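Good morning, colleagues. Please have the sequence and the model open while I take you through selected local features.

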Amino acid sequence: ELMQSEDFLCVIDATHPFAVKVSESVRLSADKAGLTYKRLARQTSCQDLPSDTVFVENVREAATYLNEQEGIIFLTTGSKELPVLTDIIQDKSRLIARVLPMHESLTICEECGLKPSQIIAMQGPFSEEMNVAMLRSTKAAYLLTKETGTIGGMQAKVSAAASLGVGLVMIRNPERNMTELYSEEEILAFLGL
């Protein structure tokens, strides 16, 4: 409704690369309003990925893999992914979830059966040193993260895990094979800026 009621020229979608449903809704709304839609690509590559990094396509695949491993799993994928993880990973005592310090996040943790000692409720971004401290203090054997790029704190997590020999499990960017993505420079050129 907003797109149709205002005098917009186009829609630039700069949402998180894992906000697939939001992006689809924005694209459909732009189409409905007759507006040009451009999806801004986030650079999600990372330097110095350990050679033994395990790449998975989604949270379900990550949970299935991690359920078959041993040791503590440090989760940095957010509270919304917890129901799938705790549904598949049989030994929930192995999970440490770093989530946003919000009532909704803590409620999800509780509903998924996590104890307070398994929850780190903090607002990022987190430095490599902070990630090292958390991984070390929790005695994590694995770190689960998403392929979000430097802006999402991925490099600091990767470096921390590598420095401690913690296994890295990374959920791939769902947009990595999309063709209709535009760089910041292309978007600015399109806008004439």
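Pro 125 is placed in the loop between β6 and α6 (128-138); helices (H or I, at least four residues) and strands (E, at least two) are DSSP runs, numbered from the N terminus. The peptide bond that leads from Gly 124 to Pro 125 is cis, and its omega is near 10°. This is a predicted model, in which local features need pLDDT of at least 70 and side-chain atom pairs count only at pLDDT 80 or more, while totals for chains, interfaces and linings use all residues. Residues are numbered from 1 along each chain as its sequence is written, and side-chain values use heavy atoms, with hydrogens and water left out.

The loop between α6 and β7 holds Lys 139. Its phi is near 60°, a positive value in a residue other than glycine. As background, most residues other than glycine have a negative phi, and most peptide bonds are trans. Lys 139 is exposed, with a relative accessible area of 68%; buried means under 20% relative accessible area, exposed over 50%, and partly exposed in between, with a 1.4 Å probe and protein chains only.

I turn now to helix α5. Which residues of helix α5 (residues 103-111) are buried? They are Ser 105, Ile 108 and Cys 109. These residues lie on the same side of α5, because they cover an arc of only 100° around the axis; the arc is that of the directions from the helix axis to the C-beta atoms. On the other side of α5, the exposed residues are His 103, Glu 110 and Glu 111. The cover over the buried residues of α5 includes α4, β5 (95-99) and β6 (119-121), where contact means heavy atoms within 4.5 Å. Just after α5, Gly 113 has a positive phi of about 90°.

The cysteines come next. A disulfide is a covalent bond between the sulfur atoms of two cysteines. The criterion applied here is a pair of cysteine sulfur atoms within 2.5 Å, and under this rule the count is zero disulfides. Cys 109 is in none, as the nearest cysteine sulfur, that of Cys 112, is 7.1 Å away. Seen from Cys 112, the closest cysteine sulfur is the one in Cys 109, and the distance of 7.1 Å is too far for a bond. Cys 109 has 0% relative accessibility and counts as buried; Cys 112 is buried as well, with a relative accessible area of 10%.

Next, the aromatic rings. A pair of aromatic rings is described by the distance of the centres and the angle of the planes. Rings of Phe, Tyr and Trp (its six-membered ring) pair if their centres lie within 6.5 Å; planes under 30 degrees apart count as stacked, over 60 as edge-to-face and the rest as tilted. How many aromatic pairs does this rule give? The count is one aromatic pair. Tyr 65 and Tyr 142 form it, edge-to-face, at 6.4 Å centre to centre and with 85° between the planes. Tyr 65 lies in helix α3 (residues 59-67) and Tyr 142 in strand β7 (residues 140-146), so the pair ties together parts that are 77 residues apart in sequence. Tyr 65 is partly exposed, at a relative accessible area of 25%, whereas Tyr 142 is buried, at 14%.

Ile 73 belongs to strand β4 (residues 72-75) and, at 0% relative accessibility, counts as buried. Between Ile 73 and Val 166, 93 residues apart in sequence, the C-alpha atoms are 9.5 Å apart in space.

A charge sits over a ring if NZ of Lys or CZ of Arg is within 6 Å of the ring centre and within 35 degrees of the ring normal. The charged end of Lys 38 sits over the ring of Phe 190, 4.5 Å from its centre. Arg 172 lies over the face of Phe 55, at 4.0 Å from the ring centre.

Ile 88 is buried, with a relative accessible area of 17%. Leaving out residues up to four places away in sequence, Ile 88 touches Arg 60, Ala 63, Thr 64 and Asn 67.
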